[in-house]
Amino acid sequence: MHTRKITATVFSVILFLSLQAFTQTTILPRSTPEAEGVSSKNIISFLEAATKSKHEFHSIMMLRHGKVIAEGWWKPYRPELKHTMYSVSKSFTSTAIGFAVSEKRITVNDKVISFFPDKLPATISPNLSELTIRDLLTMSVGQDPDPTGPVISTQEDWIKAFLALPILSKPGSKFLYNSTATYMLSAIVQKVTKQKIIDYLRPRLFQPLGITGIDWEIDPAGINTGGWGFRIKTEDLAKFGQLYLQKGKWKGKQVLPQAWVEEATTKKIEQTPELSQAAKDSSDWRQGYCYQFWRSRHNTYRGDGAFGQYILVFPEQDAVIAITSETGDMQGELDLVWEHLLPAFTSDKSIADKKESSLLKQKLLNLTLNELSMATDTSVMAPSFNFTYQFEPNAKKIKTIQFDLNNTNSSLLIKDDTATYKLNLGVSSWKMSETTRRGPSLVGAAKNHFVGLPATKVAGKYSWIDGSTIEIILRYLESPHTEKLICKIDGNNISIETSISFSPNAKIPVLKGVINR
């Protein structure tokens, strides 16, 4: 008995120390703004400006000297949730190329056609013959227009479709944003390593940085999409930026070669060489493109994803800022960073202001988004509303919707051609669900979109606008996007107008249904 007690105690100590070690390696160290020479007042100014702006911020994390000095999530977004990165995914794909180069599996001068002899068109043009990995990295393939939409939405074999497209300009000579080029980088890594890039990066990047719980979309052939579809937590996004800031070193170990970090983050091609210098100076999209990173103003660089997903790296300030959001004006969002946060970085540690520091902590803890665009009219709120409606054939393939609204434990049950999805709804607070229902997405038309990914978190809420109209908000919390349903009841009939946050004025056909008795 005594021996078993000692053994159990030893085991408990070992487990405790192991958990401590795990925590220390997976969570970034914390500090305060002033301890790292940063003004809390400036960060407060940024948060107030963000609240008043047209941008919808979801999270922000600021690092100085390798320590987190400010972090916040606008409720209902939370630290433990992943967020769709859109084209920030490209910077991770570039990193996979960097590892493959360092392991001498490939070089950036390798010809693209050499990897896919069985996918080539009958006639190989001189430009296709000359296309290199470097041209894919720098978005200078020479195709025009960007083929991504047609390729991913209509083709089963994306590699073959990409290689069949004409290359009009000499590779390397002209910048044109091309997400399928990044997909081809992912395909090349998988070809030479026999692993999807998410698996290839796991022991080389994710495990050393303590990054877990990620996922990445795939194409119909099981290849990670590369240019989009990567989901990761905000803190893990910040770790990735810190790794690059530290020239590939992590906790004293060179995880990614320094030479690759420098090569990947320096300007390789100008996006708009024909513009005046004054015009270039006004835009963070005209500072030069690297290897799937962008140069930014103020001698910074970034990973950059649609609707305002950012890893901002500040070498001169020894700082990193990670942001997730939804905005239609990404330049305007960056302008807020330059106006309020860039001046916050100083070398003065005597700027402490206890009042401002305390105020900042409170603001960061109480960030929240406007929950509904229309206030609940309590005078018309039904004590319960439990009806099922059957719908005419529609583009969304919705067959029935069941409303179970009772002011305490409400839900929406949506049945389509393939499954039934239950979404919880709150009336005074967000209610959480997990669902495999596909939410709004910029690449929602891609073949295989979301296939194989785990269920995503959704926050739901509803409001009675008047006696016959219900507004429902569904926030897909692991993406930037939100879906709104305006349900108009007329006797036994219902019509539902749907809209999505990144395209609120898009013409989406109204769903028309009748009570299913």
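In which sense do strand β12 and strand β13 pair, and over how many bridges? I had to remember that this is a predicted model. I found β12 (residues 385-391) and β13 (residues 398-405) paired in the antiparallel sense, over 6 bridges. For a landmark I picked F387, whose bridge partner in β13 is F403. Next I checked the hairpin that these two strands make: 6 residues lie between the strands, and K397 takes a positive phi near 60°.

Then I followed β12 to another neighbour. Strand β21 (residues 511-515) runs antiparallel to β12, and 3 bridges join them. Here I noted Y389, which has I515 as its bridge partner in β21.

I looked up an open sheet of 3 strands, ordered β3-β5-β4, with antiparallel pairing. Its edge strands are β3 (82-84) and β4 (215-216), each pairing on one side only. I counted 3 bridges between β3 and strand β5 (residues 230-233), and I saw T84 standing opposite R231 in β5.

Last entry, on a helix pair. How do helix α3 and helix α10 cross? The axes of α3 (residues 89-102) and α10 (residues 234-245) come within 12 Å and cross at roughly 50°, which means α3 is oblique to α10. I wrote the crossing down as left-handed. S91, F92 and T95 of α3 make the contact with L237, F240 and Y244 of α10. Sorting these contact residues, I got 4 nonpolar, 2 polar and no charged.

How values were computed
Residues are numbered from 1 along each chain as its sequence is written. This is a predicted model: local features need pLDDT of at least 70, side-chain atom pairs count only at pLDDT 80 or more; totals for chains, interfaces and linings use all residues. Side-chain values use heavy atoms; hydrogens and water are left out. Axes are lines fitted to C-alpha atoms, for helices over the stretch in contact, and angles run from 0 to 180 degrees between N-to-C directions. Helices (H or I, at least four residues) and strands (E, at least two) are DSSP runs, numbered from the N terminus. Angles under 35 degrees count as roughly parallel, over 145 as roughly antiparallel, 65 to 115 as roughly perpendicular and the rest as oblique. A crossing is left-handed if the near helix is turned anticlockwise from the far one by less than a right angle, and right-handed if clockwise. Contact means heavy atoms within 4.5 Å. Ala, Val, Leu, Ile, Met, Phe, Trp, Tyr, Cys and Pro count as nonpolar, Asp, Glu, Lys and Arg as charged, and the others, Gly among them, as polar. Two strands pair if DSSP finds at least two bridges between them.
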